[in-house]
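The sequence and structure are shown first.

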There are 2 protein chains.
Amino acid sequence: MGSAGNLPRNEDGISAALGVLKQQFGEAFHTGQSIREQHGHTTTWIETQAPDAVVFAKSTEEVASIVKVCAAHKVPVIAYGTGTSLEGHVNAPAGGVCIDLTEMNAIKEVHAEDLDCVIQPGVTREQLNTYLRDQGLFFPIDPGANASLGGMAATRASGTNAVRYGTMKDNVLALEVVLPSGEVIRTGTRAKKSSAGYDLTRLLIGAEGTLGVITEVTLKLQGIPEAMSSARCSFETIDAACQAVMMTIQYGIPVARIELLDTLAVQAANAYSKLDLPEEHLLLLEFHGSETGVAEQAEMFGSIAEEFGGSGFEWTTKAEDRNKLWQARHDMYWAALALRPGTKGISTDVCVPISRLAECVTAAKDKADALGLISTVVGHVGDGNFHMLPLVDMDNAEEVASAQSYVSWLNELAISMGGTCTGEHGIGQGKKPYLRKELGGAVDVMAAVKAAIDPDGIMNPGKIF
Amino acid sequence: MGSAGNLPRNEDGISAALGVLKQQFGEAFHTGQSIREQHGHTTTWIETQAPDAVVFAKSTEEVASIVKVCAAHKVPVIAYGTGTSLEGHVNAPAGGVCIDLTEMNAIKEVHAEDLDCVIQPGVTREQLNTYLRDQGLFFPIDPGANASLGGMAATRASGTNAVRYGTMKDNVLALEVVLPSGEVIRTGTRAKKSSAGYDLTRLLIGAEGTLGVITEVTLKLQGIPEAMSSARCSFETIDAACQAVMMTIQYGIPVARIELLDTLAVQAANAYSKLDLPEEHLLLLEFHGSETGVAEQAEMFGSIAEEFGGSGFEWTTKAEDRNKLWQARHDMYWAALALRPGTKGISTDVCVPISRLAECVTAAKDKADALGLISTVVGHVGDGNFHMLPLVDMDNAEEVASAQSYVSWLNELAISMGGTCTGEHGIGQGKKPYLRKELGGAVDVMAAVKAAIDPDGIMNPGKIF
């Protein structure tokens, strides 16, 4: 753990490709150590594996041109958005060329009447929502980080709003993609639905850059709801909190967010974000709808929470109060790290059928305690998805080994419960051992698809497979 | 038009495979002409191309066993559900073996607390919903026909409820699939979301049986809403009706259905279903939610409709009144055929961005009129999806040619408007000419995926490509 291992390097090819790209891209071409290392670095425990060069692309044509050079010399291509992925997705274990897409950040078209927009891949979530606000529109997927939308598509991101609005797979209408050959394709249209051939859009979403580079994204948008309300409620046990979640979902209350923070996470949030939440397990909710609707939804949840022994139920439509709570939720990663300064947080996520959630979370907490690992529990529990974050002293080999065995154990537990080893972080380098445990021979079909589209294996090698 | 052309037959292989299957399957193996023709027949204008044999499978193991025999002899395999697809999906242009899945109709597991179920592919939509009703659950996707859920997955079906609940791609959690080799894989788990590798579930949904045979489906379910209301409103012009739809969607009113019937369709429904709807263009809506919610939604729609000159706005929560209207909507295909007895209805669907809907529908009607074609307009207009149904005397070559040119023109019009040549019927044999017009080089990527998974091309040949 910590290192994902290197792959064989094609030294001659890399050297030749770098020569050509330097010539073609001049000042947009970089080989300085610090910029290279920055592009292999992610919000993760996995050791940095820097690419050999970074090229800042400004257009689809430039991306295609870079890919063609790399294809000619059989050199790895790694697409880079904001580097906020969590499983080593932008590492370069075989070296190669990183294409930085942050300068491709134009919002090309907004079709308010169709509730869609067309953007370049480097546009970030916050940039898009700031731009859309005046038109009464927003893009709901919120993985926490201010990630690029191309990266969010590539990793099939989701997050707090997914329980209501789905994940990236549900909110992308079409992609423009540069294939490993350098050819450019479009996978769909602006039609809201289609039965025209294989769903290449969904095949590319979550492929983690292993099949091509996303150079344009057509997104579904939502109208900003007339009203929003937030609610919170505390529970003595994880089980009671999870039961309340299950009932809320079963009743069909269209929660926009329903998040669980365990007692330790609440303590961390209180300390870091200067709050005075009751130090119990907490459910934090948001409702979107009409004024009447959000009031009704909050009250319905209140009744359910009461039934399961919840206490301190409060709800509000005041933006200031809502923002304070959700800011604390967004800062949870940093709040947790502050529980044990100097350590790294090994963020790992699993997702199980909601009926197994209480059991899975409780087992996860107990096991962490038994191993002496300090970890908060934070979860998008409406989907059965939660995160453990063991805080590990990376210089302590025993602790690192213990965390490694913990992550393995948790992933296998989720799979044994009919769940998945990753609800939203993706496979990258970190979860490769669990993919076959979860999906068996289906992984061979994925590999066949990979070989068909990228026969030389130049697209983000060492990820997923 | 009418015939999709035959493909080369592997006579020796077919003969050998039939010998083995007859031996293995005894009474479940059929070669009688009428049963074979029935299995090449669909609710369509496309000429029947019967398979050489039909085998009724009872289990995944039997499907795998049939596929292995066909694979060994390079013989086509065509999966059959209810034969209600519309673009020649179950035809056998190269002969081969049809696997009838209707006897694989077990509802294996219902997980009420997780809002999911696991079923065999031959389970029909109505069978499932009848079974689920007592548990307060339902499966929302409703393509009109009482189709099998395996077939609905294979064709990426959608229909009237898609505007609220999405299409099959949004409502399937996982599939079990028999690959062209006979190997059985699972594409996912019961987790509500996952980022574990390529999205094979979505790749198989809408692949029209060209990549494998679906032998089990894990579906998302919904709680039956506390209340439902229906509303209707008439409009003098298509444009006004479409404007009202666009505003309804933009306001974020969570309509469960919003259907357009043009004046001719209303006349047909009045005659066939003994109704007395005003003979104008009609919007027919359904709302799902709480008692307060559905009242609020219906009233909000009423205000929007008024703004666009709608008349005769009525809404009701009475089940009897609701059912009568929706039954008429479901019977629309037969009602339209009754406008001109003895003809065939050439059902064709397109889907465009909703801002182009009024223009597209109006052009489609005008063009049909100019060609002397009688056609209703019926549409799932919340998604920008609508159907034309020219009623054609198939013995009149001129009329057939005219309808053929009309379908071509309409598909190209939709594509030129940023839409798709099929919102929900699929490509099959009937829409092959338009797929490349819509998606260009992406079709080569689809073909590469097909060749990688089905190198001998035995799975439903002659469809999509």
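The notes below go from the basis of the model to its contacts.

## Basis

The model is predicted; local features need pLDDT of at least 70 and side-chain atom pairs count only at pLDDT 80 or more, while totals for chains, interfaces and linings use all residues. Residues are numbered from 1 along each chain as its sequence is written, and chains are lettered from A and ligands numbered from 1 in the order in which they are written.

## Chain A against chain B

In chain A, 77 residues are in contact with 78 residues of chain B (contact: C-beta atoms, placed from the backbone, within 7 Å). H17(A) gives the largest share of the chain A side, nine residues; helices are DSSP runs of H or I with at least four residues. By class, this side has 32 nonpolar, 29 polar and 16 charged residues. Here Ala, Val, Leu, Ile, Met, Phe, Trp, Tyr, Cys and Pro count as nonpolar, Asp, Glu, Lys and Arg as charged, and the others, Gly among them, as polar.

## Domains of chain A

Chain A is assigned domain 1 (11-102), domain 2 (107-223), domain 3 (227-334) and domain 4 (340-446), with bounds from an automatic or database domain assignment. Five residues of domain 2 of chain A are in contact with eight of domain 3 of chain A. The domain 2 side of that contact has one nonpolar, three polar and one charged residues.

## Helices H14(B) and H15(B)

H14(B) contributes B:Cys360, B:Ala363, B:Ala364, B:Lys367 and B:Ala368 to its contact with H15(B), which contributes B:Tyr406, B:Trp409, B:Leu410, B:Leu413 and B:Ala414. By class, nine of these residues are nonpolar, none polar and one charged.

Notes
Two residues are in contact if their C-beta atoms, placed from the backbone, lie within 7 Å. Helices (H or I, at least four residues) and strands (E, at least two) are DSSP runs, numbered from the N terminus.
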